[in-house]
Amino acid sequence: MSAKSEQLHKVIGFYRVSSYVTGIFLLLLMITWGIRRLPFLGYDLWLLGPNGFITFESYGVEGEGLPEVGVNLTVWILIVHGWLYVVYLLADFRLWTLLRWPFTRFIFIALGGIVPLLSFYTEALYAKVAKAELEKLERGA
């Protein structure tokens with residue numbers, strides 16, 4: 001196995017893992033922000049807040065502030081997804097540069113981290129394409 005094919009194996013694995021993790025956090029983000037933004041709900045998910053281990057606490061209701069203790073999981077899911085998206089973009093960039101794909105493919109894969117469920121589709125499609133190109137490379141070497 002050549003150095004390039006070994007590197008491609010690692011990058012494909014890195015891309016697949018980052019796709020799933022980023023996609024899962026994006027779904028969590030959509031659920032928690034949906035709960036926060038719905039007019040009749042307006043709650044944030046809190047860990048170790050004043051009312052229990054994991055609870056929904058009012059968000060932005062007049063006369064009520066956010067709890068003084070605990071961790072706002074809604075905000076932390078947003079932050080973690082942002083950093084995971086950076087890792088996802090790095091994996092996308094590595095795959096794109098090693099396989100010399102067109103720039104439009106890079107952009108389409110990058111959209112997978114911000115469009116719900118798209119990362120699962122792009123992972124399934126482009127991991128298969130990358131593996132096929134890797135097999136071609138290994139047979140030619």
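Helices here are DSSP runs of H or I with at least four residues, strands are runs of E with at least two, and both are numbered from the N terminus. The model is predicted, so local features need pLDDT of at least 70 and side-chain atom pairs count only at pLDDT 80 or more, while totals for chains, interfaces and linings use all residues. Residues are numbered from 1 along each chain as its sequence is written, and side-chain values use heavy atoms, with hydrogens and water left out.

**Helix 2**

Select residues 73–99, which form helix 2. Helix 2 has 27 residues and spans 38 Å from first to last C-alpha, close to the expected 39 Å (1.5 Å times one less than the number of residues). At its start, a side-chain oxygen of Asn 72 comes within 3.1 Å of the backbone nitrogen of Thr 74. Just after the helix, Arg 100 has a positive phi of about 55°.

Now show Val 71, Trp 76, Ile 79, Val 80, Trp 83 and Val 86: they make a nonpolar surface patch of about 570 Å². A patch takes residues with over 30% relative accessible area and no salt bridge, joining like charges within 9 Å and nonpolar side chains (Val, Leu, Ile, Met, Phe, Trp, Tyr) within 5 Å. Areas come from the Shrake-Rupley method with a 1.4 Å probe, and for residues only the protein chains shown count as cover. Helix 2 supplies the largest share of the patch, 5 residues. Trp 76, in helix 2, is partly exposed because its relative accessibility is 46% (buried is under 20%, exposed over 50%, partly exposed in between).

**Salt bridges**

There are 4 salt bridges, each a side-chain nitrogen of Lys or Arg within 4 Å of a carboxyl oxygen of Asp or Glu. Go to Glu 6 and Lys 10, paired at 3.9 Å; both lie in helix 1 (residues 3–37), 4 residues apart. Glu 6 is partly exposed at 40%, and Lys 10 is exposed at 59%.

Next, select Glu 135 and Arg 139, which pair at 4.0 Å, N to O. They sit 4 residues apart in helix 4 (residues 118–140), so about one helical turn separates them.

Arg 36 and Asp 44 pair at 2.8 Å, and both are buried.

**Glu 57**

Finish at Glu 57 in strand 2 (residues 52–58). The Glu 57 side chain does make a polar contact with that of Thr 55, at 2.7 Å. Such a contact is a pair of N or O atoms within 3.5 Å; within protein, one must be able to donate a hydrogen and the other to accept it, and residues adjacent in sequence count only if both atoms are side-chain atoms.

Technical notes:
Buried < 20%, exposed > 50% of the residue type's maximum accessible area, 1.4 Å probe, protein only.
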